[in-house]
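Student: I have a structure open and would like to learn how to read it. Where do we start?

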Amino acid sequence: MPLSSADFSAIWLTLKLASLTTVILLIIGTPIALWLSRTRSWLRGPVGAIVALPLVLPPTVIGFYLLLALGPNGYIGQLTQSLGLGTLTFSFAGLVIGSVLYSMPFVVQPLQNAFSAIGTRPLEVAATLRANPWDTFFSVILPLARPGFITAAILGFAHTVGEFGVVLMIGGNIPDKTRVVSVQIYDHVEAMEYAQAHWLAGAMLVFSFAVLLALYSSRKTKAGWS
Amino acid sequence: MIHMRLKLKYSGFALDVDLQLPGRGVTALYGHSGSGKTTCLRCIAGLERAEQGFIQVNDEIWQDSDQQVFVPPHKRALGYVFQEASLFPHLSVLANLEFGLKRIPKQQRRVDMTHATELLGIGHLLDRHPQHLSGGERQRVGIARALLTSPKLLLMDEPLAALDSQRKGEILPYLQRLHDELDIPVLYVSHSQDEVARLADHIVLLSNGKALASGPIGETLARLDLPLALGDDAGVVIEGHVSAYDPDYQLLTLQLPGTALSIRVTHTPMDTGQALRCKVQARDVSLSLHGVEQSSILNRLPVTVISEMGADNAAHVLIRLDAAGTPLLARITRYSRDQLSVHPGQQLWAQIKAVAVLA
């Protein structure tokens, strides 16, 4: 058996983390992207920049600040402690928070592009056909932005699977709780278990390539607004 | 009755209108691009919000900025036809049509699917997707979709502007049927005099965000104090009734409203009493002192000179005439005017070289 039970546990944890992160990101990323694509407020620039920060920052920087904020002396840490939740550092919940921030631009930007491409006309048409704003969102925006949602979900999921630095900073390396595949590979290499590392690394490579292949091959069939 | 009072400022553009429009028939908002006609329409629909505005359609108030009233667009009982049909690409033609229909409570529906699809001749397109329709078909679906919301007011923003002349010709008859068969007031934005002459009962002339004139089409097109009379296709619209038909020569006799005067036009047979709209271009009207008996020109009417104005070039003048209550315009050379010594109150004969039948 090339993969140990610890490896499987890491894979399972990674999939759980990536799925949960993707779902959360689609829920909170949609209103942010919608706002960014429609607003004329001066806040558009600053908010857009903050959302895009993880694209350029070293993951260790995000991890470091999160560690401080979520820790016992941080604002969020004190809040969670007063709510009786303890601190979120070195926990799965903490990893989810870190992943959501870290993968945010990979979900928000495709959605924002999709919403911008739809433009305002379909929304005006829907309004003159008596659809209220919520109705318009579900019956017009959602279906028209579907390719954008698919891209956002795939990128958000894949990018979370590939996360390493943030996990190491705020999650550490706790089996079954915070030890994801990327950390497991790191452990194998540290322990000179190159064969084990090969299997996991190879699996990651194949997975990532398959995801991107699916993504780039589907780009052609994109429904446009006429 | 439609009452709108709108004040709106953009950089480099200000709209300031106060209009009372008839609550029935087709009202054209006519003007060059940038005159504010589309902005007017968007304000009425609530897609744009005038800082200061009052909009009342029959007994409903849609905006009253003094009372902080602003009804959002989806709560206004209107239909809007955009310049490009703007059909939803993810829905079939049928689903596009049903989009508005199913959001109207059953007891408020006055236009049903069969009626709308038949009126616009789109019954055979229902299963198709918008991508597989021609421009003209798309626009017809867009019009039917708007009608199916049973609007109390139909707003049309240059629905033919994006189409070539062949497609325009294909849609115009449908718009005329709409006008004749449905009792829904229409506000029709256009910069084409031809469309306006064909469809409108009332015309509002807009220029630089102001309304220069608002009145019934027959009178307004004949007004010399408006830039309307200057164009090459200036002319008047006459709405007459068929009084006789000569099948041998295929000539229709059309009685001018409220008079014994009539004109004859070549046409296919029509029943007497039917209304027919036609346009007489100013350049097709010539004047003479006597009723010339022998001439190839069919139509000669006794007229009275009302006023005159210089045309857009120095060689021509425009003469406003009155044919027993029906206004006419004649575009003649300044030389001829002096030869005939044309002056207000003078009795003359107008010879009409051509009459274009519009509907």
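Tutor: With a sheet in chain B. Strands of a sheet pair through backbone hydrogen bonds, either parallel or antiparallel. Here 5 strands form an open sheet with antiparallel pairing, in the order β14-β13-β12-β15-β21 (chain B). Strands (E, at least two residues) and helices (H or I, at least four) are DSSP runs, numbered from the N terminus. Two strands pair if DSSP finds at least two bridges between them.

This is a predicted model: local features need pLDDT of at least 70, side-chain atom pairs count only at pLDDT 80 or more, and totals for chains, interfaces and linings use all residues. Residues are numbered from 1 along each chain as its sequence is written, while chains are lettered from A and ligands numbered from 1 in the order in which they are written.

Student: How many bridges join β12 to β15 in chain B?

Tutor: There are 7, between residues 235-246 of β12 and residues 275-281 of β15, both in chain B. Across from B:Val237 stands B:Lys279 in β15(B).

Student: How many residues does each chain give to the contact?

Tutor: Residues are in contact if their C-beta atoms, placed from the backbone, lie within 7 Å. Chain B gives 20 residues and chain A gives 17. On the chain B side, β7 (78-81) and α2 (93-101) are the elements that give two or more residues; β7(B) gives the most, with 3.

Student: What is the mean pLDDT of chain B?

Tutor: pLDDT is the predictor's confidence in each residue, from 0 to 100. The mean for chain B is 90, and 100% of its residues reach 70 or more. The model scores ipTM 0.85 and pTM 0.84.

How values were computed:
Two residues are in contact if their C-beta atoms, placed from the backbone, lie within 7 Å.
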